[in-house]
Amino acid sequence: TEQLTDSLAHIPSLRVVARTSAFQLKRKGTDIRAIGRQLNVDAVVEGSLRKIDDRLRLTIQVNRTLDGFHIVSQTFDSGMSDLFRLENEMTLAVVAALRPGMSFASRKEPDPEAHDLYLRAQSYRGQATLDSFQQAIAYLDKAIERDPQYADAYRSEEHTSELQSL
């Protein structure tokens, strides 16, 4: 969710609802049309990620809020080491559904282990305790050590450090 939200927020012609606003509606079973009215959006992106043995299955849906119909529904399969590629493919599919014909540059693929460390850090950030922030920073430090060119880890570490100081 965070990767997709971040990627879409960088597209000037899209308005992307803040994650905290969208997450208040998660798993509530609210009709897509009502969500569209409440958030004042034209489309809603939904998805699921499942791990099956050592494989990942990511399913995304882009739904029109005017009438509740799918614009696109797509499933992606890969191994754990291809998670970043999977995220890029998902982002491209969502952008293609929301802005047909628009080109979108894929991001450089980080070291898979660094990306895994980054995702672990993200899970700790959401817990909002001092210990969890320290754990998140430790994972981000390891990710940066593993892949010094991994910009997301640097950006996330700065944000996590700022939150910890509050």
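## Ground rules

Since the model is predicted, local features need pLDDT of at least 70 and side-chain atom pairs count only at pLDDT 80 or more, while totals for chains, interfaces and linings use all residues. Residues are numbered from 1 along each chain as its sequence is written, and side-chain values use heavy atoms, with hydrogens and water left out.

## Overall layout

The chain has seven helices and three strands, taken as DSSP runs numbered from the N terminus (helices are H or I with at least four residues, strands are E with at least two). Along the sequence, the order is α-α-α-β-β-β-α-α-α-α.

Of the 166 residues, 36% are buried, meaning under 20% relative accessible area with a 1.4 Å probe, protein chains only. Take the contacts (heavy atoms within 4.5 Å) between residues at least 6 apart in sequence: 47% of them join residues at least 24 apart. The accessible surface comes to about 10100 Å², with 50% belonging to carbon and sulfur atoms; that area is from the Shrake-Rupley method with a 1.4 Å probe.

## The strands

Strands count as paired if DSSP finds at least two bridges between them. E1 (residues 43-52) and E2 (residues 55-64) run antiparallel and are joined by ten bridges, with Leu49 opposite Leu58 in E2. Two residues sit between E1 and E2 in their hairpin, and Asp53 in the turn has a positive phi of about 55°.

E2 also runs antiparallel to E3 (residues 70-79), through nine bridges. Here Arg57 has Asp77 in E3 as its bridge partner. The hairpin of E2 and E3 has five residues between the strands, and Gly68 takes a positive phi near 85° there.

## The largest pocket

The largest pocket has a volume of about 1700 Å³. Of its 47 lining residues, Thr1, Leu4, Thr5, Phe23 and Val45 are the closest to its centre. A pocket here is an open set of points on a 1 Å grid over the protein atoms alone where a 1.4 Å probe fits, with protein on both sides within 12 Å along at least five of seven lines; lining residues have an atom within 4 Å of a point. The volume is the space filled by probe spheres set on the points, which are joined across faces, edges and corners.

Which strand gives the most to this lining? E1 does, with seven residues. Other elements that supply at least two residues each include helix H1 (2-9), helix H4 (83-98) and E2. By class, the lining has 24 nonpolar, eleven polar and twelve charged residues, where nonpolar covers Ala, Val, Leu, Ile, Met, Phe, Trp, Tyr, Cys and Pro, charged covers Asp, Glu, Lys and Arg, and the others, Gly among them, are polar.

Technical notes
Buried < 20%, exposed > 50% of the residue type's maximum accessible area, 1.4 Å probe, protein only.
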